[in-house]
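Have the sequence and the 3D view to hand as you read.

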Amino acid sequence: MKFTLSWLKEHLDTTATVDEIAEALTDLGLEVEGVEDRGARLRDFTIGKVLSAEKHPDADKLRVCQVATDEGTKQIICGAPNARAGITVVIAKPGVYVPGIDTTIGVGKIRGIESHGMMASERELELSDEHDGIIELPSGEVGDSFVDWLAANDPAKVDPVIEIAITPNRPDALGVRGVARDLAARGLGTLKPLAVAPVQGTFPCPVPVTIDADTAEACPVFYGRVIRGVKNGPSPAWLQDALRAIGLRPISALVDVTNFFTHDRCRPLHVFDADTVKGGLRVHRAAGGETFTGLDEKEYVLAEGMTAISDEGGVESLAGIMGGLHSGCTEDTVNVFVEAAYFDPIRTAYTGRALKINSDARYRFERGIDPLSARDGVEAATRMILDLCGGEPSEVIVAGADPDVARAYRLDTDRVQSLVGMEIAPETQRATLTALGFRMDGDMAHVPSWRPDVQGEADLVEEVARMASLTKLVPAPMARGRAGVPAPVLTPIQKRERAARRTLASLGYNECVTYSFVDEKAARLFGGGGDATRLENPISSDMSHMRPSLLPGLLAAAARNQARGFMDLALFEVGPAFAGGEPEEQHLLATGLLVGHTGPRDAHKARRPVDLYDAKADAEAVLAAMGAPEKMQILRGTDDAWHPGRSAKFCLGPKKVLGLFGEVHPKVLREMDVKGPAVAFVLWPAEIPMPKAAGAARPALHLNALQAVERDFAFVVDAQVAASDVVNAAAGADKGLIEEVRVFDEFIGGSLGEGRKSLAITVRMQPTDKTLTDKEIEAVAAKIVEKVGKSTGGVLRG
């Protein structure tokens, strides 16, 4: 949104500087993106006076002029037909850049005679398209700055242009009037009254207008009138200057009037050449397939449901977006039909996006203009057209009715101060809303029709806060809930999440943050992909489901890295996974992935492929950091995403699973395009039991003074018996005395026979009250043999 300072002052009586206005606008939420000083490019041009103008001896159309400048009399060759003695002109001395011709002036010879500068035309200075002669000033002293002369005599040409960014919820600020209202409410001036006097029609409107019943929501009201006998031509200089300043090209008086009110009051209008309209205008939904040639001379095919304005011959305008070339106004237009209507924002946006048409009208309608501005809009446009083009107006024709947008909300002045954190007097709050156009009835604030964004009491608080300026908010520390050391703010799960991240990073893993959405194929590989986790409106087909695990994202990241030549990877992520759409179906996971080898090649041949023991060791380190018990069971029984013979789970009993680890199933690696080997682990921080002691102090270190005893056992068992079953059975023989059981050897085949194997274990016994005797040791050993025999069928190897 652009406007000039003088345009703003047409609505705002203010003495504020451009800098003060820009600062206030940004503070009000209308962020200033730039201020263009249009006089800067003309700063080097000065005023001179032609003392004499003699015909060039070698050119009929050139004159040799002696010009008085601030540096004395200079000789300048000029070809303008109006170059003559006695006129006051604008001088570009050598070294001055002329924007209109993109040239820096120098001393040169023209037909053998030196020229020390140039006398400029308006087009050469980009002041207008006039280039029939050089500028003749009615006043001015030799040597004065031309910019200063313009500022005093024609300020519109050097007016600063302010550009602001408009958020979608503030369509009222898409008109200069709305910007002025905000500044007046802030206190940077007084909003000038805007009286729109009705123009009496002298004859019935000859162009009937109807709105189809099924289009009443898309176009609730339509105002129009015919003005006959107009004389269309160039608009006056003040209007052309205003439009050029904001980047619009003046076209003709009738069209320029509609562009003016679009930017002045956020009231888009349209003018039809009434003589081209056949039988009246009808606002309706397109059936689909209609063709329409817009003012941009492009042909469009309408889709079903688009709002169109048609006559008997076909579509003449796209409602709220663009008029048609057939009924557009030209210099030959004599009778004009002026339209002001309200069109549904959603329908306008749908049509504009579908047809890829961007226009100032669409930009405003799709954000929601004032629904009650159509009557004043057609009256104001009529008055300006009569002033500029003459003519005779008809009576106003109205189809439909103004929509009812009246609403009111309670202003709780105490609540405003509590939420904003500033002391704002109740009377100041009411005065602020009144200045913004709200009508106060006691504590009820009636919302003006041009503010579609105000939809509740919270919006009233925002308006008061905007005007009071949050820059005046004084920081104040929050009161402590209790004296002394503040209580921890992190929950136990948050602490475990942080511990998992730090531990994994210290182990050399790189953290990934992947999308919570995956495609259905990847989700099904990890037990998901059902309707419970399907998204109704996914970002893309590759993100159709909530992820059931973090591994799909890590494997996809590994595949992308491998495609770029990075084959050895250690990646991790800590985040949520989902079993459904309810809050209780979300769970936190800590997942790590190792791909490739343990390190680069070296002379010691230490490099090897990663295996499940690497994943197990890292998973145990993370579990320990999160506070898991030291003694955990390692059991089989992972899901289909894992290698069935090279994976296991950490358990505290058959039903208490803390995590999984092992090799990723080869079929998963193929589907995810990852080149193995690849091992991983998945941990559930919430499944770790909470510590019994809530304090932060560590317990005292307990060192046992008694000698530990180790005994080795070799059991012959079936080949299918897991080593962990033997270890767990041996450890359960005497839980108070046995401190550790570990496997140190496995033998298969030989004299053991087919389907049998030997497992050798070391059992460490740690007494606590007295040294063990040989008899006590033998008793414990007998219990171990008995327990392993009962649990696994194993016997001591002879």
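S3 and strand S13 (residues 161–164) run antiparallel and are joined by four bridges, and Gly 34 has Glu 163 in S13 as its bridge partner.

A word on the ground rules. This is a predicted model, where local features need pLDDT of at least 70 and side-chain atom pairs count only at pLDDT 80 or more, while totals for chains, interfaces and linings use all residues. Residues are numbered from 1 along each chain as its sequence is written, and side-chain values use heavy atoms, with hydrogens and water left out.

Zooming out, the protein chain has 19 helices and 42 strands. Its radius of gyration is 42 Å, well over the 28 Å that the globule rule gives for 798 residues, so the chain is more spread out than a compact globule. (That radius is taken over C-alpha atoms, and the rule is 2.2 Å times the number of residues to the power 0.38.) Along its principal axes, the C-alpha trace spans about 130 × 75 × 65 Å.

Strand S33 (residues 569–578) and strand S34 (residues 586–595) pair antiparallel over ten bridges, and Phe 572 has Gly 592 in S34 as its bridge partner.

Now the spaces. On a 1 Å grid over the protein atoms alone, a cavity is a set of points where a 1.4 Å probe fits but cannot get out, a pocket is an open set with protein on both sides within 12 Å along at least five of seven lines, and lining residues have an atom within 4 Å of a point. Grid points are joined across faces, edges and corners, and a volume is the space filled by probe spheres set on the points.

| Space | Volume | Top contributor to lining |
|---|---|---|
| Largest pocket | about 1600 Å³ | S40, seven residues |
| Second largest pocket | about 800 Å³ | H6, four residues |
| Largest cavity | about 50 Å³ | H7, three residues |

Which residues come closest to the centre of the largest pocket? Of its 44 lining residues, they are Met 632, Ile 634, Ser 724, Val 727 and Asn 728. H16, S35 and S36 are among the elements that each supply at least two lining residues. The lining divides into 24 nonpolar, seven polar and 13 charged residues. (Ala, Val, Leu, Ile, Met, Phe, Trp, Tyr, Cys and Pro count as nonpolar, Asp, Glu, Lys and Arg as charged, and the others, Gly among them, as polar.)

The second largest pocket has 33 lining residues, with Asn 259, His 270, Leu 295, Met 322 and Gly 323 nearest its centre.

Terms used
Two strands pair if DSSP finds at least two bridges between them.
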